[in-house]
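User: I'd like to learn how to read the features of this model. Could you walk me through it?

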Protein chains: 2
Amino acid sequence: MANTHGESASEYEPLALTGGIPALDGLNVVEGGGVTSALGFRASGIHAGFRANPERLDLALVVADEPCACAATFTKNVFCAAPVIVSRHNLDDVSYGTARGLIVNSGTANAATGSKGIEAAEYVCAMTGETLGCPASEVMVASTGVIGVHLNLDVFDSQVPNAFAALSRDGGADAARAIMTTDTHPKEFAVSFDGGDIGYDGATFTVGGMCKGSGMIMPDMATMIACITTDAPMVPDVLHTALVGAVATSFNKVTVDSDTSTNDSCYLFASGAAAPGAAPIEPGTAAYDRFTSALRAVCETLARAMASDGEGATRLITVRVAGAADDADADVAARTIANSPLVKTAIFGHDANWGRIAGAVGRSGARFEQHDVSIDIMGIPVLRAGLPVPFDEDEALRRFERPEIDLDVDLGAGSSSTAIWTCDFSHDYVTINGDYRT
Amino acid sequence: MANTHGESASEYEPLALTGGIPALDGLNVVEGGGVTSALGFRASGIHAGFRANPERLDLALVVADEPCACAATFTKNVFCAAPVIVSRHNLDDVSYGTARGLIVNSGTANAATGSKGIEAAEYVCAMTGETLGCPASEVMVASTGVIGVHLNLDVFDSQVPNAFAALSRDGGADAARAIMTTDTHPKEFAVSFDGGDIGYDGATFTVGGMCKGSGMIMPDMATMIACITTDAPMVPDVLHTALVGAVATSFNKVTVDSDTSTNDSCYLFASGAAAPGAAPIEPGTAAYDRFTSALRAVCETLARAMASDGEGATRLITVRVAGAADDADADVAARTIANSPLVKTAIFGHDANWGRIAGAVGRSGARFEQHDVSIDIMGIPVLRAGLPVPFDEDEALRRFERPEIDLDVDLGAGSSSTAIWTCDFSHDYVTINGDYRT
């Protein structure tokens, strides 16, 4: 027994930390919404043949009716894949933030493929651009699947026209399926907000998107790809700033066993189609604040979906750290807890094991004194002033039945806080990742 | 298939990196050697009653015949345990590197126990000192077991005299058993070397020790404790320098899922009994070099034993990184590979998955270009110039039958190198750590 137990209710107040749940104030959730909810976008998802199973969609195309503003964030992994290199070059150095669409294949990651892989990604942009009637530099490309295998360009030659023909206003759901790898379900979300009180009378703006990824670095199935669209009017620089901010508190706060794979990419397209001719949204305005809160809500909802779909996951875990000396300390403390196999196996085993949380935060490098630390597990106080406190273990077992588990830590060393999402660590994780690749 | 396969022998030469295996040049392995192999030390291990099972030894005592030089290294975890705080204070601030012995209990870690825990550790030092006939400050104390539970001082009162009575020159094996927690076997090793050619004619010096720990941070069973003894003549400062150097390349190069627990401690005692009256060994001499090579051999052998006994482990993994820009890059690259659950589950599954190794090293923060990287798995070239190379997968499966798996990475970015030991990640790991604590 690592805990002192008690049958009575705890005399300690829960920490009641906030954060970790997307804020939806002033936003309307679009039912069944996704990457084509915003005006000005069409999408498709087809079985092209990258995968053997004819039931599996494996080629997604998202296209704007007109060239539009585009921003993106990419993996920082040195082993970044060819499509990352080519798309970043197109967007940053050639089109300067203008794009027409995104093409994604699943099954093959085009990573660790050298110069031949880069030429292949460039070819995909060029031939897709011809189909769409735009320069190659306005086509973004992403690939996800096994590493070290070259793209089959014949499949693109024969199937991109079919994907183009299949484009529709309600093709978002098919596109979300076509980018899946080990995901157990597609991940889509969209919100809308009224432009009336923020200087865009009569307009309703929508932000929606899709993503894939089981919330983990998984070089066999190179990991996260997200595509978000909006019909708000935005210029590329402002769009990029908004995206970087939203990714920082969403996709970059997900960890299953690490941070960045070889192919991680997040794209954001803005058509302006909900307010044709209107002035672009400027930073520092109420419209910008509303837009970024909508973007954050979409990114955070997709990120949570990714974490809860981690391979073998049985629980979504939200790790909240408050009272940190600065943001970096909050992040490293939360990340160390969220990446700890001992914490994650304890959650899998329904074990309110505060000792493992204390051990993780103690070795994280965050600055604090042990006698200032408080820990709650699922709202149950388990540590105060660095010392264990009695708690009702039966109540803990009941709360472990919930699909979402909150771990709250207050370091008592400052005023910075953060939230990170992860999942538990199960036998199925070992089975999925330990099975010999046949 | 993440790899390009080939039936023929590889056209690529293996990297043949060195490091990872303790060097025994000029050293003699002491058969059955341990913490009492060096002259001037006695030890015992008894069942005191910290554990319910009367078959389990749970109190170890190691005593020098005379007060002797002592050095130690401790966990850097903020949640460090009371015995760490008390022993460090005794050694650094009171006895200035002189000690008479070490007392270790297993079953209770005396961690997260606040000021009461510190008073308990001080009490153990005082009453053990009375028994040994030395000041409390010359007694080192270590505890290992569950966190958040107070030591039972009555057990010390009644049983330390029994441990004292049981002290003997061949008590090392019992002591090594008494400090075990989740270890599956005791860990002991000793070497000796001749003093004739290094200025100590007629003397034979011995360095031997024991350790416990399943090579992982495990706050329920707070982790690593090592005790090493030598009969070489050493002053405390020199002994400390030698210990820090040896720990850096041994215990600090083991990682199962993290670095430092709340209780990690490594003690080194030097009696000088093999050369009574001789001058202490000085840095910069041949004797010092021989002594430190012996100390490294003992520490590295014990460290490897710890890694291979990781919970649920089926394989000892040695990760060697060469060609790094500096030592820090080598360390972080090797550590990121060694801590990757995806790499560790792949080894468990006998999967020569170079993509996961590349993914880990790519996100490690080490500086390199992907086209400069080479990877071997068990001596089989699998990546050259950042690109996969054909290899014989049947041969890889045969080599996976070995108990030790080598992963070699050359970053091609410099001349620094390192080796780190870890183990694979199995279903049993999840079972051991996910079982509800009853």
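Analyst: Strands (E, at least two residues) and helices (H or I, at least four) are DSSP runs numbered from the N terminus. This is a predicted model, where local features need pLDDT of at least 70, side-chain atom pairs count only at pLDDT 80 or more, and totals for chains, interfaces and linings use all residues. Residues are numbered from 1 along each chain as its sequence is written, and chains are lettered from A and ligands numbered from 1 in the order in which they are written.

User: Which residue is the bridge partner of Leu316(A) in S14(A)?

Analyst: That partner is Glu404(A).

User: What is the order of the strands in the open sheet?

Analyst: Two strands pair if DSSP finds at least two bridges between them. Here six strands with mixed pairing follow the order S13-S12-S11-S14-S10-S15 in chain A. At the edges, S13 (387-388) and S15 (416-423) of chain A each pair on one side only.

User: Where does H3(A) bend?

Analyst: A bend is the angle between axes fitted to the seven residues ending at a residue and the seven starting there. H3(A) bends by about 40° at Gln159(A), with Pro161(A) following within four residues.

User: Which residues of H3(A) are buried?

Analyst: Buried means 20 or more other C-beta atoms, placed from the backbone, within 10 Å of a residue's own. In H3(A), those are Phe156(A), Val160(A) and Ala163(A).

Technical notes
A residue is buried if 20 or more other C-beta atoms lie within 10 Å of its own, exposed if 12 or fewer, and partly exposed in between; C-beta atoms are placed from the backbone.
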